[in-house]
2 protein chains.
Amino acid sequence: MLRFLEMNLGRHSSIGCLAAGLILLGVHLPARAQDDPLPSWNDGPAKQAILDLVAATTTEGGADYVEPADRIATFDQDGTTWVEQPLYGQGLFALDRLAAMAPEHPDWKDTEPFKSVLTDDHAAMAKFTEKDWMEIVAVTHAGMSTADFEKIVDDWVPKSENPALKRGPVTSLVYQPMLEVMVYLRSNGFRTYIVTGGGQEFVRAYSQDIYGIPPAQVIGSSIVTKYEMKDGEPVLMRDPKLFFNDNNDGKAIGINLFIGERPQIAFGNTEGDKEMLEWTTAGDGARLGLLVLHDDAEREFAYGPADGLPDTKVGTFSQALMDSAKQNGWTVISMKDDWKTIFAGP
Amino acid sequence: MLRFLEMNLGRHSSIGCLAAGLILLGVHLPARAQDDPLPSWNDGPAKQAILDLVAATTTEGGADYVEPADRIATFDQDGTTWVEQPLYGQGLFALDRLAAMAPEHPDWKDTEPFKSVLTDDHAAMAKFTEKDWMEIVAVTHAGMSTADFEKIVDDWVPKSENPALKRGPVTSLVYQPMLEVMVYLRSNGFRTYIVTGGGQEFVRAYSQDIYGIPPAQVIGSSIVTKYEMKDGEPVLMRDPKLFFNDNNDGKAIGINLFIGERPQIAFGNTEGDKEMLEWTTAGDGARLGLLVLHDDAEREFAYGPADGLPDTKVGTFSQALMDSAKQNGWTVISMKDDWKTIFAGP
């Protein structure tokens with residue numbers, strides 16, 4: 001998908017050369033659509049804020065100029081760069097994985113929390129405790145090597161489907177406007193990072209292909225890994241024990257731990273991103289925090305509960321977060337008003 | 001120091017242009033010294049192994065070719081890129097820091113482990129337990145914000161001195177041959193990482209200036225940080241509690257956690273680097289593990305106890321590690337035989 005986008009941009013730059021040639025010949029073309037680095041964004045305050053931040057940080061001699069090596073942009077994933085309803089992509093992975101593993105675990109059909117999942121008992125699943133989810137994560141995400149886990153995710157992605165939108169793979173449900181922002185920031189010297197509450201190794205399996213973001217620039221939650229020798233070869237085994245929770249305050253902590261520098265621009269969409277935006281925008285010079293508001297029931301989903309939108313419990317944008325945004329000068333992106341196109345996939 | 005080196009290399013490339021001009025005029029110069037990317041290395045198997053690894057991984061169409069984005073080199077720090085005797089640089093920092101803080105802590109003069117440090121009781125310090133050292137780390141490395149800690153390290157570095165060599169600052173005691181390897185690898189598309197058992201935030205304070213390595217490429221041991229609001233501004237406070245021990249198996253785990261890809265080349269010098277070299281050289285294609293042997297009492301230090309060298313307890317190169325090197329085909333760098341120059345500083 002990203003390759004498709006970069007091919008398109010490549011085509012634009014050939015058009016740019018053609019345009020330059022025509023200008024030399026005295027022929028003027030309307031340049032606007034070709035020059036727009038964010039064609040899926042409607043003109044408005046959100047798009048302008050992004051353009052202004054890039055102009056401020058990349059204009060040599062300007063008060064807010066940042067050396068290219070220090071230009072950093074961070075993106076939450078679920079609900080910010082791809083769909084998170086009716087369940088996080090990684091939740092869909094865990095449920096599919098349980099179903100695939102069930103034949104080897106006949107006891108699951110009589111044991112909770114597995115029984116509820118295997119019988120599609122949504123009412124029971126809605127009441128799952130954190131301990132229930134951890135038991136599911138333990139059997140679906142741990143007990144294998146890092147290499148084996150990567151292979152399992154790689155195999156799952158092309159077969160995956162979003163049950164509410166009846167579309168798949170889930171990686172086709174990334175937001176086209178956000179891919180454009182990533183390409184635009186990178187072309188202006190920024191390093192782009194995913195900073196997700198989701199699993200670091202889960203996202204790394206597809207981040208280069210989907211976002212153009214290499215493994216070292218994916219910061220996420222992680223479980224403990226153990227170094228072991230198997231048949232004379234070293235492996236890293238995944239243990240069912242939380243190592244790092246990259247959510248809420250964990251996002252600011254994770255940015256410091258993995259990057260060691262403060263971003264100039266950060267994108268999120270929920271309570272879990274608040275500290276990342278605080279940490280980002282508290283820095284000196286030009287900084288920008290943005291929050292995606294899902295207010296587009298027609299093309300995607302509408303949920304809050306801010307602004308009277310429904311409270312889906314997955315990906316909460318509370319009124320308190322909206323108040324923080326106002327107080328801190330963060331930009332709220334209205335999916336309905338700011339985005340011409342939603343999905344990168346067909 | 002690194003700037004000095006890169007200036008020198010810059011000067012070499014001007015000489016290169018001059019040489020090219022002279023060749024056009026039919027004048028031939030002996031090109032060898034100018035073309036050598038590792039001028040502080042004597043010709044020999046260690047230098048050749050590095051040149052061969054770079055040739056193998058960067059020759060397009062070759063069996064071992066690696067895309068530039070995936071070229072990764074990792075360097076242990078203490079004893080590999082700078083002096084670690086008679087005590088790790090960070091140990092010197094902790095002791096200097098205790099002395100500086102002592103006037104505000106009058107009780108320390110009667111309380112261990114502080115008393116032994118403040119009275120320079122080397123016999124007692126040699127018997128310090130891990131708990132003693134942790135108490136010293138707790139008061140010298142924790143209880144302040146990450147920003148304040150960075151400032152403390154920044155202030156200390158220029159005043160620091162190695163007590164055995166009577167030279168300072170400690171950052172002048174980095175090894176010139178290793179700086180050349182870093183520049184050479186980077187000029188061939190490699191990302192260079194420090195992977196140290198030492199403190200990640202300690203090394204980050206000077207890594208860009210000394211090694212040309214940015215904060216995000218310093219992987220080290222770390223303590224817990226906590227996100228707090230102070231006077232309306234977010235800060236990350238350093239807690240006296242170990243978060244990640246980047247030593248032994250921790251080096252392989254840390255490489256996977258922070259980079260998510262396996263290095264093609266890794267440099268170490270002690271037992272603590274064994275798993276990093278195992279993890280590196282177990283990868284497919286061309287891989288290289290190297291260990292610095294300190295066998296040069298005249299210009300630096302001589303310690304092992306491998307090959308009958310003295311056992312200093314700081315930075316142990318055991319006979320078992322030497323046996324592992326032979327078994328795994330790792331290259332041992334003899335400081336005495338392989339390095340023309342030792343220190344980058346004057």
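Which residue forms a salt bridge with Asp337(A)? Select Lys336(A): this residue pairs with Asp337(A), and the closest N and O atoms are 4.0 Å apart. A salt bridge here is a side-chain nitrogen of Lys or Arg within 4 Å of a carboxyl oxygen of Asp or Glu. Asp337(A) is partly exposed, with a relative accessible area of 49%, and Lys336(A) is partly exposed too, at 47%. For these labels, buried means under 20% relative accessible area, exposed over 50% and partly exposed in between, using a 1.4 Å probe and protein chains only.

Before moving on, a word on what you're looking at. This is a predicted model, in which local features need pLDDT of at least 70 and side-chain atom pairs count only at pLDDT 80 or more, while totals for chains, interfaces and linings use all residues. Residues are numbered from 1 along each chain as its sequence is written, chains are lettered from A and ligands numbered from 1 in the order in which they are written, and side-chain values use heavy atoms, with hydrogens and water left out.

Over all chains, the structure holds 25 salt bridges. Side chains of opposite charge can pair when their charged atoms come close. Stay in chain A and pick Asp36(A), Asp43(A) and Lys47(A), which are linked in a network of salt bridges.

Now jump to chain B and select Lys251(B) with Asp76(B): their side chains meet in a salt bridge, 2.9 Å from N to O. Where do the two partners sit in the chain? Lys251(B) is in helix H12, while Asp76(B) is in the loop between strand E1 (72-75) and helix H4 (89-101) of chain B, so the pair links distant parts of the chain, 175 residues apart. Helices (H or I, at least four residues) and strands (E, at least two) are DSSP runs, numbered from the N terminus.

**A loop worth a click**

Select the loop between strand E6 (288-293) and helix H14 (319-328) of chain B, where Pro305(B) is found. A cis peptide bond joins Gly304(B) and Pro305(B), with omega about 15 degrees. Asp307(B) lies in the loop between E6 and H14 too; its phi is near 55 degrees, a positive value in a residue other than glycine.

Next, click Lys313(B), also placed in the loop between E6 and H14. Lys313(B) is not a glycine either, yet has a positive phi of about 75 degrees. The side chain of Lys313(B) meets that of Asp311(B) in a salt bridge, 3.7 Å from N to O. Lys313(B) is exposed, with a relative accessible area of 67%, whereas Asp311(B) counts as partly exposed at 39%.

Over in chain A, the peptide bond from Gly304(A) to Pro305(A) is cis, with omega near 20 degrees. Pro305(A) is in the loop between strand E6 (288-293) and helix H13 (319-328) of chain A.

**Where the chains meet**

Colour the two chains differently and select the contact, meaning heavy atoms within 4.5 Å. How many residues does each chain bring? Chain B gives 32 residues and chain A gives 32 residues. The area buried between them is about 2,600 Å², with carbon and sulfur atoms giving 63%; buried area is the accessible area (1.4 Å probe) that two parts lose on being put together, summed over both. In chain B, pick Tyr227(B), Phe243(B) and Leu257(B): they lose the most area to chain A, together 24% of what that side buries.

How many salt bridges cross between chain B and chain A? The count is zero.

**Down the axis**

Two copies of a chain are related by a rotation about an axis and a shift along it.
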